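I am opening a notebook on a structure that is new to me, and I mean to write down what I look up in the order in which I look it up.

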Amino acid sequence: MAMERANLLNMAKLSIKGLIESALSFGRTLDSDYPPLQQFFVVMEHCLKHGLKGTKSFLGYNKSLWGPLEMVEKLCPEAGEIAASVRDLPGLKTPLGRARAWLRLALMQKKLADYLRLLITRKDILSEFYENSAVMLEEEGAVIVGLLVGLNVIDANLCVKGEDLDTQVGVIDFSMYLKNDIDDDYRSEERNGQISAILDQKNYVEELNRQLNSTVQGLQGRVESLEKSNSKLIEELAIAKNNIIKLQEENHQLRTENSVILMKAQQRLEVLLKGDLNCELDTYKQSRQGLDEMYNEARRQLKEECQLRQDVENELVVQVSMKQEMEMAMKLLEKDIHEKQDTLIGLRHQLDEVKAINVEMYQKMQSSDDSMRQKNDMIARLEEKTNQITATMKQLEQSDKDLLSQTRTLAMSFVKCASTDTEHQYKLVKDISF
């Protein structure tokens, strides 16, 4: 195994050196038909297959390079594009064809050395695919990966899609490396100088590229932070707008509720005013009803007094001859007159109270608007009726005074004519009554 590793390392050195020298002398972009390039891929295939563990299948043991190369995608996210392109190629059917396509795409991207360097640093992953004495797990693998860095100075344009990579036979052509030309010895130093200059330029470009990548990553991070802050500001602005809309809706709702409360208060005030007016109207109706009842009572009492006077006259006609009974009748009449006077005094007090109520209502009516004019007419009618009642009461008082005077006159005439004839007395009483 050690001899195999040494031989593979020497072949890798010869193939890489020959490819670089021929590419520099060729002076243009390399394609798939270029023999040194084909031999380089054959040598790399043998190096990567060395010590590869076999997987048992129905046809025997199968050794595939696609397993470890596919793991590069997990170690470097940039390699995912190559892996996806290899999987999407329609002409590839075997894992070996996919591995060959992957090597060609990595070389065109000038990332082959970088990808393999990441792979050989993970011994734990490679131990699953290679034996302990394989090239990729020993120092020879690291040397080969270091030599691959020199391939970044060449440009390759390989058509992977139309090439049959599944059935190619990987045979090393040693005749390319056994040439003994004298010109090669003279030109080797010159080519080595050109290679070192190109490598220096390549290192400078790579360093500049790394700086640019770091700057781009920093700018991307700053852009992401700005986008996050912008999104946060947009969210805060949306939240502020929503809060403003909610506050406007609450303000509108409060204004609506305020207007509704104001309308309800006005309606309640109107209802209360109408209720006060209704109360005053009910009071007026009750006072008017009381006056009507008092008037009816006075009329009833007047009728009773008239009936009583008729009874007195009948009693005088019947018992004119009895002085004691006449005096008793006079006392009764005087008592009734006193009671009537008390009744009249009570009626006057009630009339004064009604007048005071009317004056108070009139004062309330004056403070009201035009809607109280109808009540003024009612008060005027009430005062008119009150005046009529007052006139009626005065007539009653006058009639009582006349009755009292007639009664006294009758008593005097009874005293003067006590000794006259009974028939003459009856006639006199009858004439006075009529």
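How many helices and strands does the chain have? I counted 13 helices and two strands in the chain, and I note at the outset that I am reading a predicted model.

**Entry on the whole chain.** I looked up the burial next, and found that 29% of the 434 residues of the chain count as buried. I then turned to contacts between residues at least 6 apart in sequence, and of these 74% join residues at least 24 apart.

**Entry on helix H5.** I went to helix H5, which covers residues 80-88, and listed its buried residues as Gly80, Ile82, Ala83 and Val86. Viewed down the axis of H5, these buried residues fall within an arc of 160 degrees, so they line one face of the helix. For background I reminded myself that an α-helix has 3.6 residues a turn, so residues three or four places apart point the same way. On the face of H5 turned away from its buried side I found the exposed residues Glu81 and Asp88. Which helices do the buried residues of H5 pack against? I noted helix H3 (66-70), helix H4 (72-75), helix H6 (95-108) and helix H7 (112-120) as their partners.

**Entry on H5 with H6.** I took up one of these partners, H6, and read that H5 and H6 pack at an angle of about 135 degrees, with their axes 10 Å apart. The two helices, H5 and H6, are therefore oblique to each other, and the crossing in which H5 passes H6 is right-handed. On the H5 side I listed Ile82, Ser85 and Val86, which meet Arg98, Ala101, Trp102, Leu105 and Ala106 in H6. I sorted the residues of this contact of H5 with H6 into six nonpolar, one polar and one charged.

**Entry on H2 with H6.** I stayed with H6 and looked up its packing with helix H2, residues 35-49, where the angle is about 120 degrees and the axes are 11 Å apart. That angle makes H2 oblique to H6, and I recorded the crossing of H2 and H6 as right-handed. From H2 the contact is made by Leu37, Phe40, Phe41, Glu45, Leu48 and Lys49, and from H6 by Leu96, Arg100, Leu103, Arg104 and Leu107. The residues of the contact of H2 with H6 came out as seven nonpolar, no polar and four charged.

**Entry on Leu347.** I moved on to Leu347, which has its place in helix H11, residues 323-367. Is Leu347 buried or exposed? I wrote down buried, because its relative accessible area is 18% and the cut-off for buried is under 20%. Leaving out residues up to four places away in sequence, I found that Leu347 touches Met294 and Met393. I also looked up Leu347 and Ala298, which are 49 residues apart in sequence and 9.1 Å apart in space, C-alpha to C-alpha.

**Entry on Thr386.** With a relative accessibility of 5%, Thr386 counts as buried. Which residues does Thr386 touch, not counting residues up to four places away in sequence? I noted Leu351 and Asn358 for Thr386.

Methods. Residues are numbered from 1 along each chain as its sequence is written. This is a predicted model: local features need pLDDT of at least 70, side-chain atom pairs count only at pLDDT 80 or more; totals for chains, interfaces and linings use all residues. Side-chain values use heavy atoms; hydrogens and water are left out. Buried means under 20% relative accessible area, exposed over 50%, partly exposed in between (1.4 Å probe, protein chains only). Helices (H or I, at least four residues) and strands (E, at least two) are DSSP runs, numbered from the N terminus. The arc is that of the directions from the helix axis to the C-beta atoms. Contact means heavy atoms within 4.5 Å. Axes are lines fitted to C-alpha atoms, for helices over the stretch in contact, and angles run from 0 to 180 degrees between N-to-C directions. Angles under 35 degrees count as roughly parallel, over 145 as roughly antiparallel, 65 to 115 as roughly perpendicular and the rest as oblique. A crossing is left-handed if the near helix is turned anticlockwise from the far one by less than a right angle, and right-handed if clockwise. Ala, Val, Leu, Ile, Met, Phe, Trp, Tyr, Cys and Pro count as nonpolar, Asp, Glu, Lys and Arg as charged, and the others, Gly among them, as polar.
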